Amino acid sequence: MQNALTPTPHPLDAVPPPPAQPLGGGLLDISAPVARRRTWFASESAKFWLMMTPALLGFIIFNVGPMLTSLYLSFTKYDVVSAPKWIGVNNYLYLLRHDPAFWPSVKVTTIYASCSVPLSLAIALLIAMLLNQRMFARNLFRTIFFLPALLPAAASGVVWVWIFDPTRGLLNHILASVGIAGPAWMQSTTWALPALIIMSAWGFGRAMVIFLAGLQEVPRQLYEAAELDGAGAWNRFYHVTIPVISPVLFFNLVIGIIDALKAFDLAFVTSTAAGAGAGGPARATLLYTLNLYQKSFNYFHMGLGAAMAWLLFLAILLLTAINFGLEKRWVHTS
Amino acid sequence: MTDSKFANPATTSRTSNKRRWLIWLCLLLGSFVMLLPLAWMILTSLKTFPETLADPPAWIPAHFQWHNYLQAIRGFQFSRYFANSLLVTIGCIAGTLVTASLSAYALVAYKVRGKNIVFGLLLATLMLPAQVTVIPQFRMYVGLHWINTFRPLIVPSWFGCDVFSIFLLRQFFLQIPRDYIEAARIDGASELRILTTVFIPLAKPALLTIAVFTFIGTWNDLWNPLLYLYDEKLYTLPLGLMQFIGIAGTAQGTPWQLVMAIATIMMIPVVIVFFLAQKRFIEGISAAGIKG
Amino acid sequence: MSQAAANTNECDSISPRIAGRLCGACLCLLVLLSAGCQRNSAPSAPASAADVEHQVTLTWLLSTEQIRPQTEAIVADFERANPDIHVQLRWTPEPQYQTKLKTLIAAGQPPDLFWCGDVWIAYLQPFMYDLTPFIQRDAAEYHLDDIYPAVRRACQWSGRWYYLPRFFTVSLLYYNKGLFDAAHESYPTADWTWTDYVAAGQKLTRRDSNGVVLTWGSTIVTGWWGEWYILVRQAGGQMFNPQLTTCELNSPQAIAGMTNYADKIFRYKMSPAPGYGPANNFASAKYAMEFGGHTGNWPVFDAIPGLDWDIQLLPKGPNGHTGGEVAVDAVGISKRCAHPEEAWRFLKFLTSEPSIRRYVGTGLLSIRQSVAEETFRNLTPSYHPQHLRTAYDALAYAEPLPQSRDFIEIALQIIQPEVDRALSERVPVPVACQRATEAADAFLHTISQSPIAANGP
């Protein structure tokens, strides 16, 4: 069984391990087509493609087809009730030059992703490390910390709006009891986004569980050796833990960034329920996907929405490619 | 899950008990912080309407209004939304399990040129934001007259649209030695039989993980029902909750105590499912999630 | 290998079960899909077998509202009186209503009846049935003259009728009698001006010894155009030019109106900055007045014990304008409706005297003068508001919103953020108005969806 110390195979490189010992005394070779029937239908290829049919059909019908159609629509003016009208690159020009919401939403999403991802990962790693030892009620703790990730945004969103309510909410109540006048949170143009980031960090459970799995693989001997060399807790963390769990860290980082860029539910629910209108006051929490949803489904600028979607996709591709490129630099394999 | 190694840089076998207790207390404190919003939610669900508007806010209601839950269920058509959510969720779980099994097996059991390309393409769709495909998908469903039915919610999962599950299961299947396949083939077993009798039983933790993940994702999904369901009779729970908030149109008139009651009830199935599947579920993630 | 073997031993007996479960799941799915089919089929038949062949079914798409029981009661009454028609109600959350409606239209399955109003008519008109011939034919039987002239005007677009009104909302000045009494201030009168309003607001803003505000002079409505648009109009400004081709929010009058709006917070200090006041506005009983408001909130105010409130005409603006916004809540018929005659019968019933009486019973305003007069006669001393007649007087001064397809998008998505920043970050009002105007003009010249059409008469 592989663990974090062996090289993490890139998904594209993975091949099944060779058979330990061919049964039948080597007379049968698994890579040759089954000898009995000679039709193509009996070959490995046929079986493979047959079994992959649902996934491939889904890929084409639900992904590739719509992607290409969406690319076409991004060059049209389309409001669902009438036929699409070709307008060339005007949608892209409007977005990049004239739309008062586009660049703010890019800024909001960038800030959101670059703050919420490190915050969640740091908390997840910290808690995972604290949890990674025998203790009383460990399973209970594990459940409690994972629990928020299970809640639907529709439910947790309204609870958070309640908590962040400037006058009746729990948070300002607590702050007031220590003498701090809390800001207007979801209704303030400066504090709405930090509030959203805090809300999203609450769902760190998934990353925590994956870190827990990764931490299992750090051998005790390394820590003991480091301690013998006189390394303190922080040094042990930095020089032993981080390198060993770097593949897991990488995974969480990539997934975390992608999810943050695609985030929609929480921002939608909280800004609708907070009464400031979807997107927050002065677009303070107007995430990119929220802007896209409003333009496409509230106001029916479908062509514009398609253009926005493609720009987002390209951004995600670029960021992920960068991440994978940097992987060789800082992810340790031994 | 084994943890005979103390993989914690802060503690080694020589760390004092005092330090361990300190860590335990920190965790306890952290738990309180994590549970605070939930506690607030449950307590608010037991208040009266004027109490929810009270300023400064009261933590604990004067009298616990348990009837809020009855009122919420009756006024909210809870049983209908619950049934709808259950229907859609079970449909999606079944679809995901079937297609993920088939696809993961295909990706593992055969040596075919282009297999890795297929896998890579499928993985690439993980990066695709839903918004890129949603408008043309919407148009397609309009053309098929599938709007206002459950079909747009369930059918995609029967066509391998949950690539994360395929990925997870593939990693799990990779750990099963090839001898098993060979032996079964020599015995004359059909591919389907190999899949169901050899691989699926061995991959139970992963399958359970997939089922739980799909359950959570579908139960909590707001985006898809929001787009495709128009008839109130078909609403799922998250959508019904949003509608309930919108009843008065303004934040002023929303009966928050009922909203919180519904949110609490909505949370219970997910918590139960997770709690029951917890141990196997975490094993499933850790054993196959990233390292394979 | 050993672990795998161990697993095999343990799991061998389970595999048929798993296969069985898979089959069961497939069966379940088949059942589900067929259930999905049934939901999509024709609506449920009525209990009475005799009427089955003749019964016409009309679908009505509504947004969830507080008057749902009244609406359902009206529908029940109608079906009793007209057994050959069944009206099927389809409810949808209010924020998603327009999305759902337009999507259904696009899908070729529009509901027979849907909600409309003077703002939405601009883009819904191509899909609506022209009711003018019906109106002309049935005017006498329908007591068309009983409907207030201002409401009748708001129901027409380029001289044609496309919907019938259920009730209307109008902007008013709300005041908390208890707070006025405590401060020994006289109540607002019908000829108040903006200056009177501000003076009273400042006197009624009470602070404690630490400077913390106990009660505010007035609310300030943020997040949508409800209040600032009235102030802009009262100062003589407009959002669009008459042809609806350019935005005119940077005119001196509009800037003056917007400045009044921001001044309530910063200069007169009689309203809290967004988020810093009691959350439920006037209903918290900590505000002495509300400018504009929404008649839909009346039931909420009534639910607060001890809130003694009343209404008055809006104070006159610098130009002498008293006008706020009037909006009509109305229902129209789809152009593709297969049974327009039956749908028309339902609309008439929906807006006839008995139905209007039901709506008025919940605190809504009557579109019919006869019913309004009845409510004036039946006013009890404990009824809120005591000056009910003022709401109808306000009709004479109120103006509908510009009938542009882009109005809502421009007001909410382009102008509102600039207004938010003026209030939260103290961006100077002329700068905010200028930015808003430029962005709105860019919008109108590029992705606007209106074929510009003439306003109603």
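Is helix 5 (residues 153–163) of chain A largely enclosed by the rest of the structure or exposed, and how many of the eleven residues are buried? Some notes on that and a few other spots.

1. Ground rules. This is a predicted model, where local features need pLDDT of at least 70, side-chain atom pairs count only at pLDDT 80 or more, and totals for chains, interfaces and linings use all residues. Residues are numbered from 1 along each chain as its sequence is written, while chains are lettered from A and ligands numbered from 1 in the order in which they are written.

2. Helix 5 of chain A. Eleven of the eleven residues are buried, so helix 5 of chain A is largely enclosed by the rest of the structure. Buried here is 20 or more other C-beta atoms within 10 Å of a residue's own; 12 or fewer is exposed, anything in between is partly exposed, and the C-beta atoms are placed from the backbone. Among the buried residues of this helix are A:Gly157, A:Trp160 and A:Trp162. Helices (H or I, at least four residues) and strands (E, at least two) are DSSP runs, numbered from the N terminus.

3. Chain by chain. Chain A has 13 helices and two strands, and 48% of its 334 residues count as buried. Chain B has 14 helices and zero strands, with 51% of its 292 residues buried. Chain C carries 18 helices and twelve strands, and 47% of its 457 residues are buried.

4. Contacts along the sequence. Take a contact as two C-beta atoms, placed from the backbone, within 7 Å. Looking at contacts with a separation of 6 or more, residues 24 or more positions apart make up 68% in chain A, 76% in chain B and 76% in chain C.

5. The largest nonpolar core. A nonpolar core is a set of buried Ala, Val, Leu, Ile, Met, Phe, Trp, Tyr and Cys residues joined through C-beta atoms within 7 Å. The largest one has 295 residues, and A:Met208, A:Phe211, B:Ala263 and C:Cys116 touch the most other members. Helix 4 (residues 78–109) of chain B gives the most to this core, at 15 residues. As for C:Cys116, leaving aside neighbours within four places in sequence, its contacts include C:Met128, C:Tyr162, C:Tyr163 and C:Val331.

6. Helix 1 against helix 13, chain A. The axes of helix 1 (residues 44–73) and helix 13 (residues 302–330) of chain A come within 8 Å and cross at roughly 120°. Axes are lines fitted to C-alpha atoms, for helices over the stretch in contact, with angles from 0 to 180 degrees between N-to-C directions. The two helices of chain A are therefore oblique to each other. On the helix 1 side, A:Ser70, A:Leu71 and A:Leu73 meet A:Met302, A:Gly303, A:Ala306, A:Ala309 and A:Trp310 of helix 13. Those contact residues divide into six nonpolar, two polar and no charged. Oblique is what remains once under 35 degrees is roughly parallel, over 145 roughly antiparallel and 65 to 115 roughly perpendicular. Ala, Val, Leu, Ile, Met, Phe, Trp, Tyr, Cys and Pro count as nonpolar, Asp, Glu, Lys and Arg as charged, and the others, Gly among them, as polar.

7. Two single residues. A:Pro118 lies in helix 3 (residues 102–131) of chain A and counts as partly exposed because it has 13 C-beta neighbours inside 10 Å. B:Gly188 sits in the loop between helix 9 (178–186) and helix 10 (191–202) of chain B, and with 8 C-beta neighbours inside 10 Å, B:Gly188 counts as exposed.
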